[in-house]
Amino acid sequence: MNELLRVQALEEYKILDTLPEKEFDDIVELASAICGAPASLISIIGSDKVWHKAKVGTEVEQLPREYAFCYHMLDKPDENLIVNDLTEDARFVGNPMVANDPNIRFYGGFPLVTEDGFLLGSLCVLDDKPRNLTDIQQRSLELLSVRVMESLNARKEILQNQELKKQSEEMLQKLTNTAPGAFFQLEISADGNKTMPFVSSTIAYIFNGYTADMFKADYKVGLNVIHADDIAPIKAALLNACNTLTEWNVEFRIICKDKGYRWYKGTAQPEKRDDGTIVLYGTIQEITEAKEYTKAIEQQYAQLKEIAWMQSHLLRAPAARIQGLVQLLVAGADEAMPEEEIHENLLKSSDEMDDIIRNIVEKTQVLNL
């Protein structure tokens, strides 16, 4: 067996030097009871020691590898190692655990093997007297060793999933921390309890130093800097989104230390879990400049409408008068309107048109057209 690969496989289980676990403690107690043996162990073979994950009948936590009986199972990882009298086996005669206290005489070891065939250790029973194991006892311990590996594999899978989840969360955190605005996850339980299990660190730039951890501890901290007139609409929109499972979409103002009130837009899509919990995944983006731009466009549009009205209405009157006066000049003056009066009215109408045109030009220049 390749020892380097075996140790690498063992490290994936992250089992060495872990705290006691009841499931494994129960197994060694059952193994000892089945065999009527005073001691039983779940031994894990590390790179430089054999460590006992679970034990009954002994207080020994670990041994040097060369002192542990299961060390001799490495060459044949698929075979049980049963030694009825350790004093009659040359491999163990000089072992301090045999020659000295606790004077072990019997060892029955059943391998803990990974799916790839690597030996992690053994489930074993020990006795201070030579003895045998019946076929039923051996079969029972074989089944218990399988149960140990099932538990170790399940434990390994849980740890791996937790690690993947942690890596995913860290990656998401890095991505959201560099994106504009803030990202959040709001959960509302069936009884109305609200929590924020995820908030990007950029929330602090929006809410004047209220950090992501503060929001996770109490989501309501953000209300301290939201404009009082906007709090009720935010809550009403949130209630509607949860009741109808439609998008939460609301605009609100936040007081900034150095910029006064700034406009933000919150959006989130609600989902309902089987237990009745509503989960909203959302963003908060600043829209101050967009709102100012929209307002400027609306003002520009209003001024353009005014200019168009001036062009289509105000200019029409003096233009019509000038046209009529010119026609009188062409036809010839008469007593009803002498030529001098026609000239005077032409000047007045021309001045009026000039004022209107100048006003239009000024409004146009303000619009940068």
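1. Starting with the largest pocket: its lining counts 20 nonpolar, five polar and three charged residues. Bear in mind throughout that this is a predicted model.

2. The volume of the largest pocket comes out at about 570 Å³. Its lining takes in 28 residues, and the ones nearest the centre are L186, K194, Y219, I234 and L238. As for secondary structure, two or more lining residues come from each of β7 (182-188), β8 (194-199), α7 (228-244), β9 (248-256) and β11 (278-286). The top contributor is α7, which supplies six residues.

3. On to the second largest pocket, which holds about 310 Å³ of space. Here 21 residues make up the lining, with A39, T58, P102, I104 and L126 nearest the centre. The elements giving two or more residues to this lining are β1 (39-45), β2 (49-56) and β6 (119-127). Sorted by class, the lining of the second largest pocket has 15 nonpolar, four polar and two charged residues.

4. Now the cysteines. If you go looking for disulfides, you'll find zero in this structure. Take C70: the closest cysteine sulfur belongs to C124 and sits 6.7 Å from the sulfur of C70, so the two are too far apart for a bond. The cut-off for calling a disulfide is within 2.5 Å between the sulfur atoms.

5. Are C35 and C70 buried or exposed? C35 has 3% relative accessibility, so C35 counts as buried. C70 is also at 3%, and therefore counts as buried too. For reference, buried here means under 20% relative accessible area.

Conventions: Residues are numbered from 1 along each chain as its sequence is written. This is a predicted model: local features need pLDDT of at least 70, side-chain atom pairs count only at pLDDT 80 or more; totals for chains, interfaces and linings use all residues. Side-chain values use heavy atoms; hydrogens and water are left out. Buried means under 20% relative accessible area, exposed over 50%, partly exposed in between (1.4 Å probe, protein chains only). On a 1 Å grid over the protein atoms alone, a cavity is a set of points where a 1.4 Å probe fits but cannot get out, and a pocket is an open set with protein on both sides within 12 Å along at least five of seven lines; lining residues have an atom within 4 Å of a point. Grid points are joined across faces, edges and corners, and a volume is the space filled by probe spheres set on the points. Helices (H or I, at least four residues) and strands (E, at least two) are DSSP runs, numbered from the N terminus. Ala, Val, Leu, Ile, Met, Phe, Trp, Tyr, Cys and Pro count as nonpolar, Asp, Glu, Lys and Arg as charged, and the others, Gly among them, as polar.
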